[in-house]
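These notebook entries record what I looked up in one structure.

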Amino acid sequence: MAEVHDDEQPACHHEYLLEVDLAREVIEVWSLWRGGRQPTVLEAVGAVVYYAEHDVYQPE
């Protein structure tokens, strides 16, 4: 196992992460705005990333 030092930066360079409940909500809204269609994995990830970057739901 690799040794971790307190002064090291994490490998992830995001300013913040979304809570799981919020990510689920983003995907639910995406689906509702598209007539109940379930997103593909790429569409779901895109919707969550869009929300994280813009703080609004991804438009249709």
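Entry 1. I looked up Y57 and found that it counts as partly exposed, at 25% relative accessibility. I used these classes: buried is under 20% relative accessible area, exposed is over 50%, and partly exposed lies in between, with a 1.4 Å probe and protein chains only. The model is predicted: local features need pLDDT of at least 70, side-chain atom pairs count only at pLDDT 80 or more, and totals for chains, interfaces and linings use all residues. Residues are numbered from 1 along each chain as its sequence is written, and side-chain values use heavy atoms, with hydrogens and water left out.

Entry 2. I noted next that Y51 and Y57 form a tilted aromatic pair, with 5.4 Å from centre to centre and 40 degrees between the planes. Rings of Phe, Tyr and Trp (its six-membered ring) pair if their centres lie within 6.5 Å; planes under 30 degrees apart are stacked, over 60 edge-to-face, and the rest tilted. Y51 is buried, because its relative accessible area is 13%.

Entry 3. How many aromatic pairs does the whole structure hold? I found 2 in the search. In the pair of W33 and Y57, the ring centres are 5.7 Å apart and the planes stand at 80 degrees, so I recorded it as edge-to-face. W33 lies in the loop between α1 and α2 (41-54) and Y57 in the segment after α2, so this pair ties together parts 24 residues apart in sequence. Helices are DSSP runs (H or I, at least four residues), numbered from the N terminus.

Entry 4. I checked W33 as well: its relative accessible area is 39%, so it is partly exposed. I concluded that ring pairs link W33, Y51 and Y57 into a cluster.

How values were computed:
Helices (H or I, at least four residues) and strands (E, at least two) are DSSP runs, numbered from the N terminus.
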